[in-house]
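Look at the chain shown below. This report goes through charged pairs, strands and a few loop residues.

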Amino acid sequence: MKLKTNLFAIAFLITSSIFSQNTYVFLGSYNRDKEAESILVYQLDTLNGKLSKVTSVKNIINPSYLTLSSNGKFLYACTDTKTPNAGSVSSFEFNPENKSLTFLNKQGSGGENPVYVSVHKSGKWLVNANYTEGSVSVHPLLENGRIDSIAQNFQYTDGSVHKERQTRSHVHSAVFSPQNDFLFLPDLGADKIRSYQFDENQKQPLIETKNPFTKTDLQAGPRHFTFHPNQKFGYCIEEMAGAISVYQYGNGVLTKIQRINTHPDSITEGFESSDIHISPDGKFLYATNRGKENNIAIFTIDENGLLKNIGYQSTLGKHPRIFAIDESGKFLIATNVISGNVVVFKRNLKTGLLKKVGKEIKMENVSCVQVKRI
């Protein structure tokens, strides 16, 4: 009887913990105006997909990409993006109890036009990618969430074959490996996925490897990257080619096993593929296409990691730059920059297909979204 009672108490505590958590949606904007709301926070109703505004911040220019600490307490943003001779990363503290998002500090990003930021699972390091100058910077994080000055910065100058878009390096994202022991940097300008070993206990954690990059197809324009939940496969979306390259992954090494288009065969030019994410159950992959298409390509993922296209879903707007899937896998939230709207889709967990739910949110020049259960 005592064992049953203890088990019931444990189950009750776990259930209470789950249901006491709320899911929050964080949105950034190319606002270009300090008086405008630059970051908005909404609460997501996980029953019907409705978004309810919680708070916002001003006095921040062009937050192009957001990420959160593992506990959801701190929000980090690429700021002063698309601003000549500028570029920074900023930190904020989010308090769901008093519904506040408080600016903490910012540091120089180590290059112009920062477009991606990641936090190491230890909570001790932040990494950001700078697009225009083709560089990566590593910043220590303090216990209070503030960002310290740059510990490492690597600049790249090599480009690739496209005479206009690939005259030099353009690092477009910075993604940690599943074990957080390697860092991968898709470089649109150089047609490379750069990589480093990452030692969280060193003062300069990025360590060069014998194989510093994986070469992609020419004029691919690698942009964003994600790993499968089983940690065996990696997926890189290629902006210029409108394709996804699939890699087998192990101990810092990527081995390509497939390349598949993100668009129908009827579309032969003008590709602007953008973001890529996998459902939490590892069964489906989603990728956004901007430009002529403005849709989400939907793929099934086989046990061997290979992709099969099963359809497309309009994002119901123009220029879907970033999207996110909530931790339960029930919802996908897309942001459309040019049309300035945020759309919530409910995922069919069996088929992977999407259906619009709730009321869309208007946010001028919405640039990015992150979802976190806190």
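The side chains of Arg194 and Asp158 form a salt bridge, with N and O 2.8 Å apart. The term means a side-chain nitrogen of Lys or Arg within 4 Å of a carboxyl oxygen of Asp or Glu. Arg194 sits in strand β14 (residues 192–198), and Asp158 lies in the loop between β11 (152–155) and β12 (175–176). Arg194 is buried at 6% relative accessibility, whereas Asp158 is partly exposed at 25%. Here, buried means under 20% relative accessible area, exposed means over 50%, and partly exposed is in between (1.4 Å probe, protein chains only).

This is a predicted model: local features need pLDDT of at least 70, side-chain atom pairs count only at pLDDT 80 or more, and totals for chains, interfaces and linings use all residues. Residues are numbered from 1 along each chain as its sequence is written, and side-chain values use heavy atoms, leaving out hydrogens and water.

The structure holds 14 salt bridges. Three of them are listed here.

| Pair | N to O distance |
|---|---|
| Arg194 and Asp158 | 2.8 Å |
| Arg223 and Glu239 | 2.7 Å |
| Lys53 and Glu37 | 2.7 Å |

Arg223 is in strand β17, and Glu239 is in the loop between β18 (233–238) and β19 (243–250). Both Arg223 and Glu239 are buried. Salt bridges with shared partners also join Asp158, Asp187, Lys192 and Arg194 into one network. In the remaining pair of the table, Lys53 is partly exposed at 47%, and Glu37 is partly exposed at 31%.

Now to the strands. Strands (E, at least two residues) and helices (H or I, at least four) are DSSP runs, numbered from the N terminus. Two strands pair if DSSP finds at least two bridges between them. Strands of a sheet pair through backbone hydrogen bonds, either parallel or antiparallel.

Four bridges join β4 to β5 (residues 74–79). Tyr65 stands opposite Cys78 in β5.

How many residues of strand β22 (residues 284–289) are buried? Six of its six residues are. In a regular strand the side chains alternate between the two faces of the sheet. One side of β22 has Phe284, Tyr286 and Thr288, the other has Leu285, Ala287 and Asn289, and all are buried.

Strand β22 pairs antiparallel with β21 (residues 273–278) over four bridges, where Ile276 stands opposite Ala287. Strand β22 also runs antiparallel to β23 (residues 295–301), joined by six bridges. Thr288 has Ile296 as its bridge partner in β23. The hairpin of β21 and β22 has five residues between the strands, and Gly282 there takes a positive phi near 75°. The hairpin of β22 and β23 has five residues between the strands too, with Gly291 at a positive phi near 60°.

Most residues other than glycine have a negative phi. Lys82 is not a glycine, yet its phi is positive, about 55°. Lys82 lies in the loop between β5 and β6 (88–95) and is partly exposed at 46%. Gln219 is not a glycine either and has a positive phi of about 60°. Gln219 is in the loop between β16 (213–215) and β17 (222–227).
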